[in-house]
Amino acid sequence: MTQQNNRTHRLRNIRRVATAAPPAYAATAAWLTGSGSGAASASASSAGAGGGGGGMWEVELEHYQGGWTAYDAMVQQQISSAITTGQTKVTTSMRGQTYELNLRKQTQTNKHTGFKRKLRCTGGAAAAPPPAPAASASFASGGGGGGLFGGLFGTGGGIFPAGTRSPSCVRSGSQTGDEVLTFDAGDGVIDYATVTEWTVLQPNVDYDPKQTCDISADELGDGTMIPVVRLSCATPSIDCVFRQDVIESSLKSNPQCPKCSYRHTMPGSQPSGTMRVKRTRTRCEGYTCGTWNVDYHFPDGTQTALHPNSGTHFSGTSRHCHYPDDAEGRELVEMLKRGFERGHLFIIGKSTTTGQDNTTIWASVHQKTSTGGGPTSHGWPDAAYFGRVRNELAAKGLFDLATEQQQRDELAQRKQARLTATSSSSASASSASASASGAAAAAGGGGGAASGTDDAERARIQSELSDVAEALKAAMKAGERDKIRELMAARTKLQADMKALDG
């Protein structure tokens with residue numbers, strides 16, 4: 001048995017060893033309230049109990065019958081491992097979301113939304129551990145993968161060392177007034193499972209292991225060493241299935257799905273820093289309204305794997321920008337907030353002004369650092385500025401709220417179409433033969449012509465979808481906002497036509 005690093009492809013040997021049974025409920029309760037003697041007492045109590053009578057961990061779901069539902073076997077095992085080693089927190093991934101379970105406070109927190117639910121541990125038989133070897137505590141409490149085997153074969157997103165953090169951002173203040181955004185670059189790890197909401201597939205059930213990967217041209221394989229995943233952008237007509245290591249490598253350089261061209265919202269390589277937004281009564285030259293002052297501050301730090309020279313010191317910077325408080329200015333400030341929040345406004349590189357390397361610089365999104373002086377002074381007035389900066393933001397996948405809502409709606413439609421196709425596939429297969437026979441008998445053999453017409457129409461739509469995908473990829477690269485909207489609308493209509501044809 002071996003373990004392979006998905007980034008370096010280095011192999012290590014692994015082995016299965018005997019593990020202690022989950023602690024008994026009484027010992028668990030004592031440990032949670034602090035009356036036990038930590039991991040040692042929990043482990044000893046478990047051993048003394050002979051492995052029986054373990055506790056069952058549940059989460060409160062207000063819309064679920066009875067209000068509480070038990071975690072699956074993998075999460076139960078993670079919690080058990082954490083308690084045995086004296087840990088109070090577990091980070092795990094479920095249904096494409098990452099959660100922190102605080103066993104002492106008995107809360108579950110969604111790492112993305114911050115929403116909390118109650119936990120509890122009840123008596124009775126514990127869930128049986130999964131057939132795979134139990135994960136070590138360092139992986140079980142890691143930053144994004146749902147445990148060692150949860151990350152590889154469950155809904156998690158790969159193996160992350162203990163304590164790793166993906167990029168994140170916290171807002172404070174009013175979204176319509178003064179606001180402070182604090183961006184944490186994390187440890188250079190991106191949880192691709194959460195970003196793409198992919199599903200890990202089962203060989204010979206969800207896909208054919210002999211099927212060729214669209215990127216590497218290799219067989220997908222049985223998923224034993226390298227999982228096979230389906231991205232959330234997949235549709236019944238375009239199935240976005242890849243080997244996990246291959247799609248991760250592709251997404252590092254381009255956030256678009258290489259098969260359908262859907263652009264996933266990928267974190268950028270911005271270093272940790274703050275963005276302060278404040279409305280003032282001062283005026284930008286050429287405007288009669290107030291001004292939004294936007295102040296950025298990035299402290300010195302050490303580069304991560306997302307930066308050019310991992311482990312190397314870099315110098316920070318401060319920038320002060322100004323935007324008119326009119327409709328266009330307010331919309332742009334909101335777009336800049338989302339750009340900062342996703343890590344796309346600054347990078348670490350070489351300054352063209354000072355020649356200094358390993359320093360914080362603009363990330364190809366030009367901003368206004370002066371209230372006057374015009375374009376040559378990076379200030380106002382500048383009649384063409386809003387169009388230019390929108391195109392620069394579009395190249396990074398940042399659009400106005402209406403366009404981003406349209407993208408979210410499209411992804412939701414894709415998920416629903418996939419879900420509908422999956423749930424109805426068995427029923428369709430069972431009735432297809434009888435329906436075809438009846439139609440052929442009633443039409444005296446005329447059904448074949450109709451079938452041929454449908455096949456030709458499907459081929460036409462598929463061809464047009466491919467053309468639209470290529471054009472959309474080019475438009476996104478060029479940042480042509482109007483063209484992107486037009487192509488997205490065309491793609492939605494073609495997908496609806498295909499669905500109607502299949503229905």
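## Backbone exceptions

Pro381 is found in the loop between β20 (359-362) and α9 (385-394), where helices (H or I, at least four residues) and strands (E, at least two) are DSSP runs numbered from the N terminus. A cis peptide bond, with omega about 0 degrees, joins Trp380 to Pro381. The model is predicted, so that local features need pLDDT of at least 70 and side-chain atom pairs count only at pLDDT 80 or more, while totals for chains, interfaces and linings use all residues. Residues are numbered from 1 along each chain as its sequence is written, and side-chain values use heavy atoms, with hydrogens and water left out.

Most residues other than glycine have a negative phi, and most peptide bonds are trans. Ser261, in the loop between α7 (244-253) and β14 (273-280), has a positive phi near 70 degrees but counts as buried at 2% relative accessibility.

## Cysteines

A search of the whole structure finds zero disulfides, a disulfide being a pair of cysteine sulfur atoms within 2.5 Å. The sulfur of Cys260 has its closest cysteine sulfur in Cys233, 3.6 Å away and too far for a bond; Cys260 is buried, with a relative accessible area of 3%.

## Helix α3

Nine of the 12 residues of α3 are buried, so this helix is largely enclosed by the rest of the structure; among them are Val75, Ile79 and Ile83. Gly86, with a positive phi near 80 degrees, follows α3.

Methods
Buried means under 20% relative accessible area, exposed over 50%, partly exposed in between (1.4 Å probe, protein chains only).
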